[in-house]
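Work through each task with the structure in view before reading its solution.

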Amino acid sequence: MASPRLLFLRRVLLAAAAFSVCLPSSVSAIRKDIGLDAPIMCRRTVQGRHLISDDNGYVCSALSIDPWSGCCPRTGERFSCQGCNLDLQCCNSYEFCVSCCLNPSRTKEGDVQKLKVAKPVTAGTYTDIFNFCMGRCRHSSASVVHENAYASDFHHCFMMQQNSSGSTELNCGSRDCSSRLAGINVLLGRQGESCTSACGAKGQSCVPSKLSELNKCDILQKYMRCKSGCFPSLGPDQPAEVVDEAPRNLNPGACLYMQMDERLTCDGSHQHTRRLCPCA
């Protein structure tokens with residue numbers, strides 16, 4: 001006679017066999033009919049301590065960043081231009097500069113991808129708008145008056161390289177341009193010299209009303225090399241060219257023109273630039 005223990009085991013085995021008959025012949029551990037969306041991951045700025053801008057165009061505090069996606073909450077204004085002067089395309093904070101710049105109505109991706117990241121001919125181009133905005137909104141020589149002083153509170157700028165000032169372009173080979181500069185001796189000053197001094201050294205005077213005629217990239221490029229490009233700025237020494245020996249952060253070889261003609265002056269100077277002066 002079987003022992004009680006063997007009888008118990010036999011009953012367990014019979015119960016297990018009966019249960020297995022009720023199961024499907026094969027069971028898949030993975031449901032193939034459920035599609036999972038790829039997780040949304042954001043790139044973001046890292047320059048500021050307190051604020052962050054992500055590549056969706058939102059600005060938030062560093063503490064409110066989603067730890068999984070790296071994105072800002074989508075509760076605030078997208079492409080916010082808070083603290084920005086849209087006429088200058090400059091802002092008083094880096095993160096809002098990036099956010100404002102990301103607005104596709106202000107920055108076209110097709111235009112951005114044609115721009116070079118750096119000065120050499122061999123330099124690559126920007127891969128997308130976010131990379132452009134992060135790079136362009138950092139301080140540049142166009143926002144610096146002296147090596148460590150800003151020309152304006154709005155020193156984070158996202159405008160692209162310009163070919164002229166806001167005023168009407170004139171090719172100085174044209175009859176119109178020649179008539180406007182009739183009687184004017186266009187003089188390239190020495191490094192760190194104001195137009196008042198440069199003209200005075202030739203026994204002439206600087207003509208303030210003619211500075212706006214020189215305050216254009218096509219004119220600067222006629223008299224200067226501008227090998228690093230031509231950019232808008234707010235310094236009192238403009239129009240001018242940054243000398244080759246200037247610190248790298250000042251963009252040596254770049255030509256600079258004043259964004260607002262009404263601020264042009266004969267007396268301005270900078271230790272790292274050479275001015276283009278109208279003398280008579």
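Buried means under 20% relative accessible area, exposed over 50%, and partly exposed in between, with a 1.4 Å probe and protein chains only. The model is predicted: local features need pLDDT of at least 70, side-chain atom pairs count only at pLDDT 80 or more, and totals for chains, interfaces and linings use all residues. Residues are numbered from 1 along each chain as its sequence is written, and side-chain values use heavy atoms, leaving out hydrogens and water.

**Exercise 1.** Determine where C226 and C255 lie and how they are joined.

Solution. Step 1: a disulfide (a pair of cysteine sulfur atoms within 2.5 Å) joins C226 to C255, with an S to S distance of 1.9 Å. Step 2: the angle about the S-S bond is -85°, which makes the link of C226 and C255 left-handed. Step 3: C226 is in the loop between α8 (217-223) and β9 (230-233), whereas C255 belongs to strand β11 (residues 255-258), so the bond ties together parts 29 residues apart in sequence. Helices (H or I, at least four residues) and strands (E, at least two) are DSSP runs, numbered from the N terminus. Step 4: C226 counts as buried because its relative accessibility is 8%; C255 is buried at 0%.

**Exercise 2.** Carry out the analysis for C195 and C277.

Solution. Step 1: the sulfur atoms of C195 and C277 are 2.1 Å apart, forming a disulfide. Step 2: this link of C195 and C277 is left-handed, with -85° about the S-S bond. Step 3: since C195 lies in helix α6 (residues 195-200) and C277 in strand β12 (residues 273-279), the pair ties together parts 82 residues apart in sequence. Step 4: C195 is buried, at 0% relative accessible area, and C277 is buried at 0%. By the distance rule, the count comes to twelve disulfides.

**Exercise 3.** Describe the largest nonpolar core.

Solution. Step 1: a nonpolar core is a set of buried Ala, Val, Leu, Ile, Met, Phe, Trp, Tyr and Cys residues joined through side-chain atoms within 4.5 Å. Step 2: the largest has 19 residues, and those with the most contacts inside it include V98, L102 and F132. Step 3: α2 (94-101) and α4 (129-136) each give two or more residues to this core. Step 4: apart from it lies another core of 17 residues, among them C199 and M258.

**Exercise 4.** Which burial class does F132 have?

Solution. F132 counts as buried because its relative accessibility is 1%.
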